[in-house]
Amino acid sequence: MSDLFRVEGLTKNFGGLAVSRNISLSMPAGERLALIGPNGAGKTTFVNLVTGQIRPSAGRVVLNGEDVTRFGAVPRVRKGLVRTFQVTRLFSQMTPEEHVTLTVLQREGKATRILSRFTGNSEVSGEVESILSTLGLLDVARRRVGEIAYGQQRLLEIGIALALQPKVLLLDEPAAGVPSSDTPRIEQALERLPPSLAVLMIEHDMDLVFRFAKRVVVLAAGEIIFEGMPSDVAANEKVREAYLGNYAHARSVA
Amino acid sequence: MAGVILIIAAGLAGYWLFPDNLALLTRVIAVALLVLSLDLITGYCGVASLGQASLFGAGAYAAGIACVNGVTEPVTLVAIGAVAGAMAGLLMGTIMLRAHGLAQLVLSIAIVQLFHEAANKASAYTGGSDGLAGLMVSPLFGVFEFDLWGRTAYLFGLALLVVVFVVLKFIVSSPFGMLCRGIKQDPVRIRAMGSYVFPVLLKMFVISGAVAGTGGALAAISTQVVGLDSVSFELSANALVMLVLGGLGTLYGALVGTVIFMGFEHVVSAINPFHWMTMVGALLIAVVLAAPGGLTGLYETLLGTGKRAKGGRT
Amino acid sequence: MQTILSIAIDAFAYGMALFIICIGLSLTMGLMRVVNLAHGAFAMIAGYIASYAARDLGLGYAVAIFLAIIGTVIISIPLERLLYRRIYGSPELTQVLMTIGITFCIIGITNYFFGPTLKSIPLPGSLSQPVDVGIRTIAGHRLFVMACGVVVAGGLWYLIEKTDFGIKLRATVDNAAMADALGVRTQVIYAISFAIAIGLAALGGVVGAEFLPIEPYYALRYMVTFLVVVSVGGAGSIPGAVVACLLLGAVDTTGRYLMPEFGNFFFYAAVIAIVCVFPRGFFGRAQ
């Protein structure tokens, strides 16, 4: 049981409808795993179950040997289970520097202090700068988020997650909505993620999935229908049936 | 700290220009503290309240009751008011933060009405509908008598306002202040950053209560009376109007809104109180339609110095 | 026993008067998601019109009610067009501010024209006499209010559940964009519903004037009561509004009978308790 992160038999019913059925998977430290599946497969529900936004009907979420199923979203984050959002959730009036500073302060338990300065807080400015420079966001560090490019906002989402020093990182479609000219910058950022970090990426862009992930899990109708090497995904009959047909269709529409 | 100098200058100008209206000006300062306190939870945290006068009234009655019972030192009375306000803020926050949206708003109204009824019924302590009269406050620092013209009360109030303002400036620019702004915009994001929302907002309610309680105590000391109107829905609603008029989420907005609102109220409602209501109503509609950032927002937009958040979110 | 019966009758009649006024507000908030704090102001306008028609012009009670409803709805149409349409979908605080502004304006303007005095609406002889209902006599007006309440509740239920308009209305509530795409003219649905809501406020304002007297600050004084009813019952729910009105009417009336010195204390304590336990109201929709 050297797994850093594990879900066992995770099930969620909304009324009579099962949106997640008996999902089990595990990840060692440093793993790069992609979760794919057609629209409506239950990917977002899965992320919400894992991060504690919603409660499962059955099953367990285990982080670092500890059962965190009964914990809410906040303690899971504090224990190192961190997510990014599919649609960026940033504070449009704040700058990237402020986002990351606030996050680092929070991690250090200093975000509720009322008598220290926020701007130019020298205790954390070094770390904030290094995170922003890793992501190539230094030159927009002091612009309002509402004014920077969408690709940069997506990078900032990753930056906030990194500032929490996660053990397990869930990336919910990190490249969604980014113009293809900016995708390489996202990919570069993903390549530079700390090697010991376990990363679970949910993504529609198959090229990105194939380049990033060493292992792929396919979800359809709330169930895992495939688990294995990226190179084997396309050849799998079940996956073809459930996913690639839709995918090809989605692509032709897009 | 140019802002502080501006406040002091404006305050002293008021002292020299309107020596016969110092009682009104002191009242403006007390209400400004109330509006500042409302700005903390509505402007900075996005929690709309139509019951903020509960906290103001708690401070006013606590100071008044203490004064009648022999605690007459003004600074102590203000401290008592602030503590009572903070405790009321803790209670109010605990109740209000259970709900969201409309239910939250209704809770805020119900709380202020409940406080109002409680103050009305506990007449043995509060004087009921007659008010708590005859507060005899000792000279400030044992030297400055609270005179008939209200000079001491006014200058004392101005000093209080400046101190509170400076403290609040620190608080809103602290990490805690930033966290509150984040919660106002997106509590889900804040949770995903690993911070709880409820205790942060509750803390702001307590701070807000202390500020409102200070205002209430000042009102009690300066007028030597505490009336039921200090815990009323009307005062709460007016405070919200002043805040929105001045601009949410900026401390200057709260001050500007209070001064302009109360100045006009003084002039117009003397002519006909219903003209005043029509005017306030029209003004509110105009602010919502034309200047969601309030007067300070409008000012900044006109100068082109910055774009501020639109209106408020609940 | 007599006391209990008196309380029960008064509570029921008062609850029904509240219901007639509040159900309109509940529909506005449930359907259009507009926190219309000016709802009571429309009831007040109706009260002023009815008072003017019945007392100053000497018209009959029924005619006065009719004129009040028509007049109030006519006044509300331009307001809906010019002001309310701009705040559909806005944050609640914006809606609160706008509708408080409208309330202030209505109070200021009506009192400028009609003077700041209590406006009575004289009842016709048939309603001011007690009626014998077997076990005891009840004031005719109380019976009339109860009957109005039952008719309004039944009529609305029929309108929403059984008619073509009701189907479109429910579709619009569930998913306005979808209803629009299916050819439902949502703007028209909104306008009609708003008019119905205002018409009900007007009716309630006039027939409920014995319980909630028409006076200069009516719109502000009862704003809180109306809001409370809706948030306790759950916005948009007819059964919720009925239950909330009867319950709060009972709490209020019982409190006044048995412990008049405590005024509204119990009313607000009950409200806080209920809202804390049911943040979406008894029959509120889950979000």
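So, to start: of the 2 pairs of chains in contact, which chains share the most contacts? That would be chains B and C. Keep in mind that what you're looking at is a predicted model.

Let's stay with that pair. Chain B puts 38 residues into the contact, and chain C puts in 39. On the chain B side, the elements giving two or more residues are α5 (101-121), α11 (233-246) and α13 (273-290). If you want one helix to look at, take α5(B): the largest share of that side, 15 residues, comes from there. And what is the side of chain B that touches chain C made of? It divides into 24 nonpolar residues, 10 polar and 4 charged.

Okay, over to the other pair, chains A and B. Here 26 residues of chain A are in contact with 23 residues of chain B. Looking from chain A, two or more residues each come from α2 (73-78) and α3 (96-107). Of the elements there, α3(A) gives the most, with 6 residues. As for the make-up of this side of chain A, we have 12 nonpolar, 6 polar and 8 charged residues.

That leaves A and C. How far apart are the closest C-alpha atoms of chain A and chain C? They lie 13 Å apart, and no contact joins the two chains.

So the picture to take away: chain B touches chain A, chain B also touches chain C, and chains A and C have no contact with each other.

Technical notes:
Residues are numbered from 1 along each chain as its sequence is written. Chains are lettered from A and ligands numbered from 1 in the order in which they are written. This is a predicted model: local features need pLDDT of at least 70, side-chain atom pairs count only at pLDDT 80 or more; totals for chains, interfaces and linings use all residues. Two residues are in contact if their C-beta atoms, placed from the backbone, lie within 7 Å. Helices (H or I, at least four residues) and strands (E, at least two) are DSSP runs, numbered from the N terminus. Ala, Val, Leu, Ile, Met, Phe, Trp, Tyr, Cys and Pro count as nonpolar, Asp, Glu, Lys and Arg as charged, and the others, Gly among them, as polar.
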